[in-house]
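Hi everyone, thanks for making time this morning. Let me put the sequence and the model up, and then we can walk through a few parts of it together.

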Amino acid sequence: MKVLITGASGFIGRALLPLLAHHDCITPSRADDASPLDLNDRDQVLALFEQEQPDAVVNLAWEGIPDFSEAMCARNYQQHMNLFEAIRHTDCRRIVITGTCMEYRGLSGAVNEAQVGTSLDRFGETKLRIYAQAQQQLADRLLFWARPFYVYGPGQRAGSLIPSLLTTIAAGERPEINNPQAAQDFVHVSDVARGLANMLETTAQSGCYNLGQGRLIRVQQIADWLYALWHDLPLTDPKAAQTGMFADLTRLRTTFNWAPDTKMREALRAWVEYVKNH
């Protein structure tokens, strides 16, 4: 299968590519002379799709992270409209697009794909608008909308939570968490990549699917584990988080027989060892 992947050089894209090595993957970028792709340039997007004629598209691109301003969200929205127009001009029948758990912002407890957040920010609102357009414009194609929760793992942006905590600990300090009870559904990038690969290769029906761990971990717990791992101290058992939003994985488990298999403490242990040795 010929698969065009946008955002392939990003955090999730780098984890996904090895899982798709048996396909003919096209990974265009602005820096690629052979397959240039600036999603802001409608004509360039149309020309690339006309040239490559992909069987499938995996869209991981989102420009400007962590800038989620109104202007940047509007820019990304238009990029998606350019992409959808190009897809409609080809015989591409299979599309996988990443949404965000911020589409559930304001909710608490287990959230399922039928729910919508009660206090959406501009980012979550824009993602929902894009999904609605995808359903309308690509209704005759196989469309998978993946909602990753809080993805973590080596290679993520330096300003993200875990890299920031590790930087503080490596400097000889103990991280201070402003809200010790804050909790999120953290899912390893390798599990997310495996879920996306399943969607790309499945014969299941179109739809939206959560990609998460399916449980909450307190941010304070992660900070404590990292500190203990760095200093070779015993690891504490996680305490139950009182509030937060986490993925209901029923639909993903039922459709793809998918479940996250990365244990967070072991992933953090490997990450600490890597940082210490490089």
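How many of the five residues of strand β1 (residues 2-6) are buried? Four are, so the strand is largely enclosed by the rest of the structure; buried here means under 20% relative accessible area with a 1.4 Å probe, protein chains only. A word on the source: this is a predicted model, where local features need pLDDT of at least 70, side-chain atom pairs count only at pLDDT 80 or more, and totals for chains, interfaces and linings use all residues. Residues are numbered from 1 along each chain as its sequence is written, and side-chain values use heavy atoms, leaving out hydrogens and water.

Strands are DSSP runs of E, at least two residues, and helices are runs of H or I, at least four, numbered from the N terminus. Strand β1 runs parallel to β2 (residues 24-26), joined by three bridges, and L4 sits opposite I26. Four bridges also join β1 to β3 (residues 56-59), again parallel, with V3 opposite A56. Pairing takes at least two DSSP bridges.

Now to helix α9, please. Its buried residues are M264, A267, L268, W271 and V272.

Q156 belongs to the loop between β7 and α5 and is buried, at 14% relative accessible area. Thanks, all!

Definitions and conventions:
Buried means under 20% relative accessible area, exposed over 50%, partly exposed in between (1.4 Å probe, protein chains only).
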